[in-house]
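Please keep the sequence and the model in view while reading.

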Amino acid sequence: MIQKIAWMIPLFPLLGFIINSFGRKIISRNMSGIIASLMVFIPLIFAFDLFFSVTDKVTVHLFNWISAGVINIPFEFLIDPLSITMMLVVTGVGFLIHVYSIGYMGHDEHANTFFAYLNLFIFFMLLLVMGANYLILFIGWEGVGLCSYLLIGFWYKNTEYNNAARKAFVMNRIGDLGFLLGIILMLFAFGSVNFKDVFPAAGSVQSGNVTVTIITLLLMIGALGKSAQIPLYTWLPDAMAGPTPVSALIHAATMVTAGIYMIARSSILYSLAPITSGVIVVIGLATAVFAASIGLLQNDIKKVLAYSTVSQLGYMFLALGLGAYSSAMFHVTTHAFFKALLFLGAGSVMHALNNGQDIRGMGGLRKKLPITFITFLIATLAISGIPPFSGFFSKDEILAKAFASNPSLWVVGMIGALFTCFYMFRLFYLVFYGKFRGTSEQEAHVHESPLVMTIPLIVLAVLAFLGGFLNFPAIFGGKESFAEYLKPSLAGQYYGKELIPHQTELLLMASSVIILLAVIFIAWQVFVKRGTVPADETTERKGLVKLVYNKYFIDELYNSIFVKPYNFLSEKVFSWIDRVVIDGIVNSFGEISIICGRSVRKLQNGNTSFYLFVMAWAIVAMFIYLMLV
Amino acid sequence: MSILTLLIICPLLTSVLLLLPKSDKGTKSIALIGSIIQIALTGYITFLYQAIRSAGDKSQMLFESNIVWFSTLHINFHTGVDGISLVMMLLTGFVVLAGVLVSWNIKNQVKEFFFFIMLLSTGAFGFFMSLDLFMLFFFLEIAVVPKYMLIGIWGSGKKENNAMKLALMLMAGSAMVFLGIVGIYFASGYFGPHNTWDILELSKIHLPAEIQRVIYVLTFVGFGVFTAMFPFHTWAPDGHSSAPTAASMFLAGISMKLGGYGCLRVATYLMPTAAKELSWIFIILASIAIVYGAFATLMQKDLKYMNAYSSVSHCGFVVLGIAMLTKTAFAGAVMQMVSHGLMTALFFAAIGMIYDRTHTRMSDQLGGMLKQLPFIGTAFIIAGLCSLGLPGFSGFVSEMTIFTGSWEKAGLFYRVATILACASIVITAVYILRAVGKAIWGTVTNKTYLMLTDATWSERAATILLVVGIVIIGVAPFLFIRLIEPDVQYIINRIIL
C-alpha cells in the first residue's frame with residue numbers, strides 16, 4: 001500500500017513551498033513555519049512506514065519524463081534501504097530544524113520566504129535520494145544547489161553574503177559539469193542511466209575497465225563539489241553566511257552528504273574502478289586532515305563547525321574509497337545528528353548573543369544556557385569520538401577499515417581525529433567556560449532559547465547519543481544491523497569476514513580513546529585552567545600560524561589563478577576581438593561602399609558643360625571602338 | 001484555404017485595424033485582442049494537430065494548402081505545418097502577446113509601433129508555415145524591415161547607427177539565403193522533374209554534391225547571420241542595446257529562431273549530402289560562439305548587452321545541435337530554440353521593466369531591485385535560472401538533449417566540441433549570478449529607487465505567460481518532444497540516406 005503512494009512523499013514539501021511562496025503576504029510567520037514543518041513531518045511518517053514495510057527494492061514508475069532519440073528517461077522512484085535511510089535522515093533532521101526555525105527565524109521579516117525555500121530544499125533533496133536514475137538524481141542535485149544558493153544569499157542585501165552564495169553555486173557547477181559528462185558517458189556505455197539497467201550490466205564488466213573508471217571519476221568530480229572536498233571545498237566555509245538553521249540542514253546534515261550518497265548508490269561501479277577508489281581515499285584523507293587543521297585556529301563559531309563538516313565529509317570519502325560504503329552511510333547518519341545539533345546549538349548561542357559569532361566574545365555561557373550547554377557537550381563528545389556517543393562508533397568503524405587497508409592510513413586519519421577533538425573542545429571551552437567576554441549589553445540580553453528551539457536540541461542530543469547503537473559493532477556483541485540493513489542496496493560492498501582480528505581492533509579503539517582523552521585534558525588546561533583566549537585580528541601572526549590562520553591562502557590562490565585570468569580574458573581579449581576585429585571588418589564594408597559612393601558622386605556635380613564634355617568624349621570613344629573592331 | 005492562412009490574416013488584419021481608432025487606448029486594445037486571437041488560434045491548431053496525429057495521420061505536413069501564386073516562376077502559396085513549425089508558431093504567439101503586453105505603457109507613435117509589431121508577427125507566422133522557398137524568403141524579409149524601424153524610431157542610445165548595422169548585416173544574410181534558394185530553384189530544374197521552390201518536392205530530389213556544397217554554405221551562413229552565429233553576431237548586442245523592449249524580445253525571441261529554423265529546414269534538410277560533408281565548419285563556429293559568447297558576457301555591465309551576448313552563446317547550442325546531425329541533437333536544437341525564445345523574451349522583458357523605472361541598465365548602478373521590485377526581480381531571477389540551465393526550467397532539458405545528441409557522434413573532434421559546449425554551463429552560472437547579485441540582490445544605492453512601483457497588470461501578465469511556457473517545457477518535456485519527434489525523423493532520414 002505505502003509503496004503505491006510513495007510518489008506522494010516529495011509532493012508535500014513542494015506543496016508547502018507553493019503555499020508559503022504564493023501566500024507569503026497572507027499567512028502569518030508562525031503559521032508558515034507550522035505549515036512548512038507539517039509538510040516535512042508527513043513524509044517522515046511515510047518514510048517510517050516504508051522502513052517497516054520495504055526490505056528490498058521497489059521501483060515506482062510515474063511516467064516517461066523525456067524520450068528523444070537516444071535519451072529515454074522514465075520518472076521513477078527507487079525505494080530501497082539506502083533511499084529509505086536517506087529519506088529518514090532528511091525528513092527527520094529536516095523536521096527538527098524546521099521546528100527550530102520557527103523560533104529562530106520568527107522575527108525575520110522574510111520568514112515566510114525562508115520556510116518556502118526550506119520546503120523547496122526538502123523537495124529536491126527527496127527527489128535526489130528517491131530518484132531511480134541518474135538524471136532524476138541530477139535534477140534533485142541541481143535543485144538542492146539552487147536552494148543552497150537562495151538560502152546562503154537569504155539576506156541578499158549584504159554583498160558579502162551575496163558573493164558567498166554565488167561562489168557556492170559556481171563551485172558546485174564545476175562539479176556538476178563532471179557529473180553531467182559522467183551521466184552522458186554512462187548513457188552511451190550502458191545504453192541507459194536507470195539504476196535498474198546500469199547496475200546489473202556493470203556486473204559483467206571487468207574490474208579496472210577504462211570506461212567505468214572514467215565514468216566514476218567524472219561522477220566523483222560532481223561529488224567533490226557537492227560534498228566540499230579538495231579542491232572544491234572553499235565554498236562551504238563561506239556558505240555559513242546563510243541563516244544558522246540552513247547551515248545545520250543544508251550545509252552539514254543533508255545536502256553536502258549527497259555526494260556520499262551518490263557514490264554509495266553507485267557502489268557497484270566504484271568497486272569496479274580501483275583507480276577511482278584510490279583517488280577517493282587520497283582526497284578524502286587529505287581533506288579530513290587539511291580541513292581539521294584549519295579548524296584549529298578559526299575564531300568564528302560557525303566557521304569552525306564548517307571546517308569540521310568538510311573534515312568529517314573527508315572521513316566519509318575515505319570510507320567510500322576503501323569500499324566501506326555502509327560505514328560511510330553510517331557516518332552520514334550519525335554526523336547528521338551531531339552536526340545538526342552543533343549548528344543548532346551554535347544558533348542558540350548566537351540567538352542569545354544577538355548574532356555574535358566570534359568565540360573570543362563569548363565565554364561562561366554554561367550557566368545561562370543550560371540546555372544548549374548540555375546538548376552541545378553531547379554533540380562535542382560525539383564528534384570527537386568518545387564512547388559511547390554515536391560518532392565514536394561511526395568514526396572508529398572507518399578508521400578500523402583504514403587500518404585493515406593500510407596502517408599508515410589509520411595514523412593519518414587519527415591525526416585528523418586529534419585535531420577534531422582539539423578544535424571542538426577549544427570551541428566548547430571558549431564558549432561555555434571562563435568569563436563572559438562580550439559587551440555588557442549582550443550580557444544583559446543573554447537568555448536560554450524558547451522551547452521551540454530547545455526541544456529539537458534535546459531530541460537531536462538523544463539521537464547523537466544513541467545513534468551509534470544503530471550499527472553496534474560485532475566486537476561488542478552487536479549485529480551491525482545498519483550495515484546489514486543496507487546490504488540489498490550496496491552491491492559493491494564486501495560483506496565477508498572481518499578483515500582485522502578483534503584484539504587489534506580493540507587495541508586501536510583503546511589507544512584512540514586514550515589519546516583523545518589526553519587531548520581533551522590538554523585543551524582543558526589551555527583554555528579553562530589558563531584561560532587562554534585566541535589573539536584578536538590586529539595581532540600579527542607568523543609562519544605556520546599565519547598560514548593556517550589564513551586557511552593556507554587557498555582562496556587567494558584560486559582568485560589569482562582562475563578568477564583574474566578569466567576576467568582579463570573577458571575584459572580585454574574578447575572585447576578586443578568584437579570591437580576591433582569583427583566590427584572592423586563589418587565597418588570596413590560600410591566604409592568601402594561610402595568611398596565608392598563618394599567617388600561616383602563626383603561625377604554628378606550638376607555642371608552641364610562637364611556633362612557635355614563627357615558625353616562628347618564618350619561618343620568619340622565609341623566611334624573609335626566601332627571603327628577598330 | 002486552410003486554417004493556417006488565418007494566422008497570416010489575423011496579424012495582418014490587426015495591423016490594419018489598429019490604425020483606425022482615434023485613441024491610443026483603442027489601438028492598444030486592438031493589438032492585444034489581435035495577439036490573443038493569434039495565440040488562441042495557434043493553441044487550437046496545436047490541439048487539432050495532435051488530434052489528427054493521434055487519429056493516425058502520418059503525412060509529413062498537416063493543414064496543407066497549395067495555391068498557385070505566380071505560375072511562370074512556379075511560385076506557390078504552399079503552407080502546412082509539422083510539429084517543428086508548430087512549436088515555433090506557438091513560440092511566436094507567446095512572444096508576440098508578451099511583447100504587446102509589456103509595451104502597454106509606450107507613449108509616442110503608438111499606432112506605428114504596434115503596426116510594426118503586428119507586421120513582424122505576420123512575417124514570423126508566414127515564415128514558419130511556408131513550404132515554398134520563395135514565400136519563406138518573402139516572409140523572412142517582412143520580418144526584417146520593421147525591426148529597422150522599431151529600433152530607429154523607438155530605440156535609445158546610438159539607435160540610428162545600431163539599427164543600420166543590424167539591418168545591413170541581416171540584409172547580407174538574406175542576400176546569401178536568396179542566392180542559395182535561387183540556386184536550388186534552378187538546380188531542381190536540371191536534376192529534378194522541373195523547376196520548383198517547393199520544400200516537400202525538393203526533399204525528394206538529391207542534388208549533386210558539388211551544387212549542394214555551395215548552396216548549403218550559402219543558406220547556412222545566411223540563416224546563421226540571423227541566429228547571430230559567430231563571427232556574424234555583432235549586430236545582436238548593438239541592436240538589442242538600442243531596441244525598445246518589445247523589439248528586443250521579438251529580435252531574440254523569434255527573429256534569431258527564424259535563422260535556426262532555416263538552417264534546419266532549408267540548409268540541412270534540403271542539402272543532406274553537403275551537410276554531412278561540411279557541417280564540421282558550423283560545429284567549429286558554434287563551439288566558438290558558445291564559449292566566446294559566454295566569456296564576452298562575463299564583463300558586460302549593461303544588462304541588455306549581457307543578455308545579447310548570452311544569446312549568442314545560447315544560440316550557439318542551436319547551431320551545434322543542427323550541425324551535429326543526430327536525431328537527439330536535432331530535437332534538442334528545436335527545443336533550445338523555443339526554450340531560448342521564451343527565456344530571452346522574459347529576460348528582456350524584465351530588463352525593460354527595470355529600465356523603464358530606473359532609466360539605467362547598468363548592473364553596477366542598480367542593486368536591491370528584489371527589495372524594491374519583488375515581482376520584476378523574481379522574474380529576472382527565473383529568467384537567469386533558466387538561462388543557466390537549472391532543471392525544472394526549459395533550458396536544462398534542451399541543453400541536456402543537445403549535449404547527449406552531440407556525444408552520440410563518435411570521434412575526437414565531436415567530443416571536444418561537446419565538452420567545450422558543456423563547459424560553458426559553468427561560465428553561464430558565473431555571469432548570470434553576477435548580474436543577479438549586483439542588480440537584483442544587494443542594497444539600493446540610489447535614493448530615488450526607493451519610490452519605484454512594482455510591475456503593472458500587463459507586465460505581470462506578460463511575465464506569467466512566459467514563465468508558464470518555460471516551466472511547462474522544463475517539467476514536462478515529453479509533451480514537447482511528442483510534438484516534434486516524428487518530424488525530426490524525416491530530417492534525419494534524409495541525412496542517414
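In this predicted model, helix 4 (residues 111–130) of chain A packs against helix 10 (residues 244–253) of chain A at an angle of about 5°, and their axes lie 12 Å apart. The two helices are therefore roughly parallel to each other (angles under 35 degrees).

**Helix contact in chain A**
- Helix 4 of chain A contributes Phe114(A), Leu118(A), Phe121(A) and Ile122(A) to the contact (heavy atoms within 4.5 Å).
- Helix 10 of chain A contributes Pro245(A), Val246(A), Leu249(A) and Ile250(A).
- The residues of this contact comprise 8 nonpolar, no polar and no charged; Ala, Val, Leu, Ile, Met, Phe, Trp, Tyr, Cys and Pro count as nonpolar, Asp, Glu, Lys and Arg as charged, and the others, Gly among them, as polar.
- Axes are lines fitted to C-alpha atoms, for helices over the stretch in contact, and angles run from 0 to 180 degrees between N-to-C directions.

**Hairpin in chain B**
- Strand 1 (residues 62–70) and strand 2 (residues 75–81) of chain B run antiparallel and are joined by 6 bridges; pairing requires at least two bridges found by DSSP.
- Val68(B) stands opposite Asn76(B) of strand 2 of chain B.
- These strands form a hairpin with 4 residues between them, and His74(B) in the turn has a positive phi of about 60°.
- Helices (H or I, at least four residues) and strands (E, at least two) are DSSP runs, numbered from the N terminus.

**Confidence and conventions**
- The model scores ipTM 0.90 and pTM 0.91.
- Residues are numbered from 1 along each chain as its sequence is written, and chains are lettered from A and ligands numbered from 1 in the order in which they are written.
- Local features need pLDDT of at least 70, side-chain atom pairs count only at pLDDT 80 or more, and totals for chains, interfaces and linings use all residues, while side-chain values use heavy atoms, with hydrogens and water left out.

How values were computed. Parallel < 35°, antiparallel > 145°, perpendicular 65-115°, else oblique.
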